[in-house]
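Open the structure in your viewer and keep the selection tool ready. The stops below say what to pick and what is there.

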Amino acid sequence: MKNVMIVDDTMFMRLSIRKMLEKYDFNIVGEAKNGLEAVELYKKLKPDIVTMDITMPEMSGIDALKNIISFDPKAKVVMISALGQETMVKEAIILGAKTFIVKPFQEERIIQTLNKLLGS
Amino acid sequence: MTDDYKNDPMLEVYIFETSQMIEQLEQLLITSEDEGGYSTDVINEIFRIMHTIKGSSAMMLFDKVAELAHSVEDLFFFIRDQKPQGLDFSKVNDMVFSCLDFIKVELVKIKNGDEVDGDPSKLIGDLKILLSSISGQESVDKVIADKNDVQEVVQQYYISSARPQSEDVKKTFLAKIYFEKDCGMENLRAFSVLKLLDEVGDDYLYEPKNIDDDRSVEIIKTDGFKIYINTSKNFDEVQNILNNAIFVEKIDLSEIQNEEYEDKKNVETINIPENNPVKIPSPSCQVDVEKAEKEHVSLEHQNIINVSVSKLDKLMDLVGEMVIAEAMVVQNPDLKDLDLQNFYKSARQLNKITTELQDIVMAVRMVPLTGTFQKMNRTVRDMCKKLGKEVKLKLVGEETEVDKNIIEHISDPLMHLIRNSIDHGIEMPGYRESVGKPRAGTVTLEAKNSGSDVLIIISDDGNGLDREKILAKAQKNGILNKNPESLTEREIYNLIMLPGFSTNEEITEFSGRGVGMDVVRNNIDKVGGTIEVDSLAGSGTTIVLKIPLTLAIIDGMNLKVGDTRFTLPINTIKESFRPKDSDLIKDPNNVEMLMVRGQCYPILRMHSHFKIETDITSLSEGIIVMLEQDGKSICLFADELIGQQQVVVKSLPKYIKNLKHISELAGCTLLGDGSISLILDVNGLVAS
């Protein structure tokens, strides 16, 4: 079972993603509600994959991504983005995010994406 | 979007979080209005909140809400990026407030399972107009376009810096990549494919070129994304690399002539302006690790979960049942006359634990009034704008906690009282100055604990209540049934709480049509609270709400009348004693009164009032319980006191309520021996 960490500032999104993933036997090892928590938690839990929201208080997803990648260059981080954030998504990809998912998204989409990334 | 989603936990979370964010946002707006402008933090925060609402709403398929949130986000994106000079804050604030109101209405619809059918197009239009008035239309378009694409200069092509210098024979492949339908931001998907190629260090060209531009999305969607790859790798290797791309539906890979590649490359190279660095937005902030860690520590302490109120209600009910069950066991009639030392020792232990449990359950249900109080800022703001008055709202003791249920009942009354204060109490700024008061009026909302009650005090420094006007009005409306001379000041002021009373000559948008104060009173009555009004002509009005901390379990005194048991809330009992027959006085109308320490109090004989048969009808055989409420006292005559006990308040069954309109009963409870006791409503008793 693959370990996933969910990062999002809203409980709503965390719960949405958790529900989707748990149906498909992903193991949610942790949830963080801002970039700071995400970085700390990543170091502690070393999850196989991270879903990362971009706009968050305290520390944005981009900065968190940067910190995570510098800690673990092999980190697999999937950005969760809404329309209108193209610039930041691009930055995230340059910084080393594996891919991104656009909100609103379907269950199959996130599952497929994670499976593909984890398989490779 | 109706029934399927009702009671869906996701929906609950959505509603909860969105409402919370809206409240937070309102608070931010009001604060910044006080400060006369938005700070950078506030702008970022507003932007972030709208962005989050947009995302969540889109997930829940509330597209209209998402669309509106998106428009507000655009507005603040502009403000954040361009920092326009001379921004009309109040206008922007008004606009955002109307948008929030729209979302709030939609949330209510969602909560009630109604169709979410609000149409935000007018608001969105207004937002656009506002945005273009802040700046020239041109720059708005530009900025919004920039928002989606900061890199104005299109990155035309890219030759990997890690270009291998080897002289291997290179081949050229053409890859046509089709992304999955609806995966979103296809241009950036393409970008990430290129990133894969960068990693392996191959040269490539691609079409369409303008993948930094949203317009390329459509082309990529229909024609696919074409990459010409010049590499020393073989077909399979290239295929493998591309297979790592995410969201790819299909890749058509074919080998083409090297010349073709060179041609294309040459054409493009000519077009490339020199010195064309790719602008990558610089990381917004370097993280201060030390600070980060410090903040993280504080985060770890915050171990809070959200529990639905219905679960807490259930828990409260159960604890209530347990309190009853405990009484049933310990006071069981079978135990009478038995010598049970060990039993009582254990019983005391049980009692200790149930009491503690009860305290904890109560504490869990306590919520600070902060939210309710702060909501009033918005009311004050709107009122001031509409009425042209200047009012400051001062909040005191907002951290005071009360039961969750009670909060729900007092929010509306509070809002009404505040509206009344501003509408009827506070004078116009000009007038205030002329009578030597500060130009801006002050409304103070204060909460404090007082024993088992919470006092909520709403006071203003306005004009005060007009005694004569109230009396005249009460007389005119036929709600005055006593001689005005005999009324105390306080009784006169409390007349405004009666149904059908309104001291305002004109009906205003806010204070309504004289239905207000009695609705306030009803709401407060529902939670077992009381209202007192006090006023000083010319210098203001004070309204005190006395609200019990909790509803469900009260300290009661049980009395017996005939075979019937009654329970009185213990805090209303002033004293109880056995009177002498000689203290009884009768007036010419045969109304009984009791003389206690030189004062006369009316007597209410429970047995005759409730038509109960009992042997004890002579005063000296029974007991008198003196009750006080709202400054009025009454003596109840009962057979005997049974004892003090914590009782769980249960509402009277509907069929009894429908059958008999007994206003003197507040509810009922179960006693330890299994019998039912009626809880008396002291308000009702005193009034009768």
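How many salt bridges are there over all chains? The count comes to 33, a salt bridge being a side-chain nitrogen of Lys or Arg within 4 Å of a carboxyl oxygen of Asp or Glu. This is a predicted model, where local features need pLDDT of at least 70 and side-chain atom pairs count only at pLDDT 80 or more, while totals for chains, interfaces and linings use all residues; side-chain values use heavy atoms, without hydrogens and water. Residues are numbered from 1 along each chain as its sequence is written, and chains are lettered from A and ligands numbered from 1 in the order in which they are written.

**Between the chains**

Select B:Arg48 and A:Asp9. They form a salt bridge, with the closest N and O atoms 2.5 Å apart. The pair crosses between chains: B:Arg48 sits in helix α2 (residues 40–59) of chain B, and A:Asp9 in the loop between β1 (3–7) and α1 (11–23) of chain A. Helices (H or I, at least four residues) and strands (E, at least two) are DSSP runs, numbered from the N terminus. B:Arg48 is buried at 9% relative accessibility, and A:Asp9 is buried at 14%. Buried means under 20% relative accessible area, exposed over 50%, partly exposed in between (1.4 Å probe, protein chains only).

**Within chain B**

Next, pick B:Lys54 and B:Glu73. Their closest N and O atoms are 3.0 Å apart in a salt bridge. B:Lys54 lies in helix α2 and B:Glu73 in helix α3 (residues 63–82) of chain B, so the pair ties together parts 19 residues apart in sequence. Both B:Lys54 and B:Glu73 are buried.

Move to B:Glu427 and B:Lys437. This salt bridge has its closest N and O atoms 2.8 Å apart. B:Glu427 is in the loop between α15 (404–425) and α16, B:Lys437 in the loop between α16 and β8 (441–450) of chain B. B:Glu427 is buried at 7% relative accessible area; B:Lys437 is buried at 16%.

Now select the network of salt bridges that links B:Glu26, B:Asp94, B:Asp101, B:Lys104, B:Arg378, B:Arg381, B:Asp382 and B:Lys385.

**A helix to check**

Show helix α1 (residues 9–35) of chain B. Its 27 residues should span 39 Å at 1.5 Å a residue, and its end C-alpha atoms are 39 Å apart, which agrees. The expected span is 1.5 Å times one less than the number of residues. After α1(B) comes B:Gly36, with a positive phi near 80°.
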